[in-house]
Amino acid sequence: MSSSTDSPTLTTETTQLSPQPDTETAQPTKKITLKSSDNQIFEVEEAVAMEFATVKSFFEDSPSSTDTVPLPNVTAKPLSQVIEFCKEQIKFKANPDEAQKKKYHSEDLLDVLNQAVADRIENKSVEYVRGFFGIDNDFTAEEEAALRQEHAWAYEGVDED
Amino acid sequence: MSKLPQDIIVDILTYLPVKSLVRLRCVCKPWQSLISDPRFVKLHLKRAIEGNNINRQRLLVAAEPLYSSVDFEAASDGDDVNAVMELPYPSAASRTESFAFASIRGSCDGLVCIRNGGDVHDMFLWNPSTRESKKLPKPSSSVQKDGFLTGLGYDSTIDDYKLVIACLTTANGSHQIMAPEVFTLKTNSWRRIQGIHSGITLEGCAGVFWNGALHWLGKQETGADHDVDVIFSLDVAQEKFMGFVPLPSHFCTAVLSISGNCLCIFGKLHPDESYFEAWITSEYGVKTSWRRRYAIPFDRLYMDYFSTEMCLTKKGVLMDHHGCPGTLQLYDPVEDATKLLSVKNNRDPMYDSAVYTESLVSLG
């Protein structure tokens, strides 16, 4: 997982954020760089990045790594939405009253994730989708062949697995 | 059947286009029954209409015997390769006459009604997304030469689709709508309904389904000669012709259309106007809720006479190009540019088009 990348690594950067009026201490924030499967770079605060299990385990494996964390399972669009969600999550954890008011956010996130999954399987073969969801094929060979024959056009132009 | 909870699977599948879902029926038996379940079909349709990030609106172009589906949002985003798809000839269509002209008589929830023979009563229903089609029995009334109005709508009270047909005729110097009949999909039969209307001429005969009712543009005989001044409507559940829905203004020529959840009207206010206007409303029957979206100068468009079908895309306006059969034009008001898009056709200027929403709705 930890391969060198062509993008600059910024994990140890200690740029101070502009002081917030109602936060008691403005800590220097560690930043982590994430890379989506379509090679978009996202620079996020450590606390936000640690909301991602993949990122967390990456740093548990190599705590002092300064590499960009590759996220080969997600494209830029859903990733940016998930990052926004994690930022909100952290704010809400710090201020639960506000969190109560905005509980609906988690439903938005589910929409984003479900759509991202749909985008991923949209052009995939039946075999790929079975593997993706861990579903066993319960059709007999004859039943499956008949179904495929009935709507042969729907099996055209499918991505290679 | 999977590690994911069922409701998550259902939700994911509602985001998929129809072609993927037809293919994924083959994943396993539970998926096959889920994707065919009418409740799932409704959830999927709801997502298609309400989803902000997905694009399920298509333009059906019927240039007998060639039928094409145009993804006009993809086209306006510059993806010409995937924008136009030729459809196989619908199995229920009667390919009888060499001069047959296909006319789209209604569009609702992904179903379209098409007349493609010489006989005005020779019609079929078609879901171009699933490719299912069904020939309709003939209605009982004898049709007058003047023409007839039609419309396809959904009756939520009985969960069924209805096709409405009525004769347009002239009696004692006055225009009349006569002998209305309704076809219901589940019963597969026609029956007469009540209602005769005088003193109104209708513009364009295929009604637009919106908010549980069918809508046609019309002219009142009491109005000025060239005024399109009313929207005539029929409540699909009650099967009754209703009062008039107010227009934002009088038009000299106009077409009615649907964009997402809104009703749109495109037209010219005066014959000597050099631009046409696109108006939109999301509130039923409230004159002040109409908003003007665009005013587009005619010299930006290729127009000899008025298009029969226009629709609002996210970026602008899509319409037929009458000087060049089988060509569509997309006007982008922000860039003030018109883009042309070719649809395969037999160079016959006689073709028709209608907007439909991709759906799994079955004719079975």
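Two strands are taken to pair if DSSP finds at least two bridges between them. In this predicted model, strand S9 (residues 160-171) of chain B meets that criterion with strand S10 (residues 174-184) of chain B, because 9 bridges join the two. S9(B) and S10(B) run antiparallel. Within this pair, Thr169(B) stands opposite Gln176(B). The hairpin of S9(B) and S10(B) has 2 residues between the strands. In that hairpin, Asn172(B) takes a positive phi near 55 degrees.

S9(B) also pairs with strand S8 (residues 148-155) of chain B. The sense is again antiparallel, and the pairing extends over 8 bridges. Gly153(B) lies opposite Lys162(B) of S9(B). S8(B) and S9(B) form a hairpin with 4 residues between them. Its turn contains Asp159(B), which has a positive phi of about 50 degrees. S9(B) is mostly covered, with 10 of its 12 residues buried.

Another hairpin of chain B is built from strands S6 and S7. Strand S6 covers residues 123-127 and strand S7 covers residues 132-135. They pair in the antiparallel sense over 4 bridges. Leu125(B) has Lys134(B) in S7(B) as its bridge partner. There are 4 residues between S6(B) and S7(B). In the turn, Arg131(B) has a positive phi of about 75 degrees.

The nonpolar interior comes next. In soluble globular proteins, nonpolar side chains tend to be buried together. The largest nonpolar core of the model has 67 residues. Leu13(B), Leu24(B), Trp31(B) and Ile177(B) have the most contacts inside this core. S9(B) gives the most to this core, with 6 residues. At least three residues come from each of domain 1 (1-54) and domain 2 (55-357) of chain B. Ile177(B) touches residues along the chain, not counting those up to four places away in sequence. Among them are Leu149(B), Ala166(B), Cys167(B) and Leu168(B). Its contacts also include Ile196(B), Ile200(B), Leu202(B), Phe232(B) and Phe241(B). A second, separate core has 19 residues. Phe52(A), Phe58(A), Leu71(A) and Val82(A) belong to that second core.

Chain B is divided into two parts, domain 1 (1-54) and domain 2 (55-357). In domain 1 of chain B, 11 residues are in contact with 11 residues of domain 2 of chain B. These domains bury about 910 Å² between them. Carbon and sulfur atoms give 58% of that area.

The interface between the chains was examined in the same terms. The size of an interface is often given as the accessible area lost when the parts come together. Chain B and chain A bury about 2700 Å² between them. Of this area, 64% is on carbon and sulfur atoms. The contact involves 29 residues of chain B and 31 residues of chain A. On the chain B side, Tyr15(B), Arg23(B) and Cys26(B) lose the most area to chain A. Together they account for 24% of what that side buries.

The structure holds 0 disulfides over all chains. Cys262(B) is in no disulfide, and its nearest cysteine sulfur, that of Cys264(B), is 6.5 Å away. Cys262(B) counts as buried because its relative accessibility is 15%. Cys264(B) is likewise in no disulfide, with the sulfur of Cys262(B) nearest at 6.5 Å. Cys264(B) has 0% relative accessibility and therefore also counts as buried.

Technical notes. Residues numbered from 1 in each chain as written. Chains lettered and ligands numbered in written order. Predicted model: local features only at pLDDT ≥ 70, side-chain atom pairs only at ≥ 80, totals over all residues. Heavy atoms only, no water. Core = buried A, V, L, I, M, F, W, Y, C linked by side-chain atoms within 4.5 Å. Buried < 20%, exposed > 50% of the residue type's maximum accessible area, 1.4 Å probe, protein only. Domains from an automatic or database assignment. Contact = heavy atoms within 4.5 Å. Disulfide = S-S within 2.5 Å. Buried area = accessible area lost by both parts, 1.4 Å probe.
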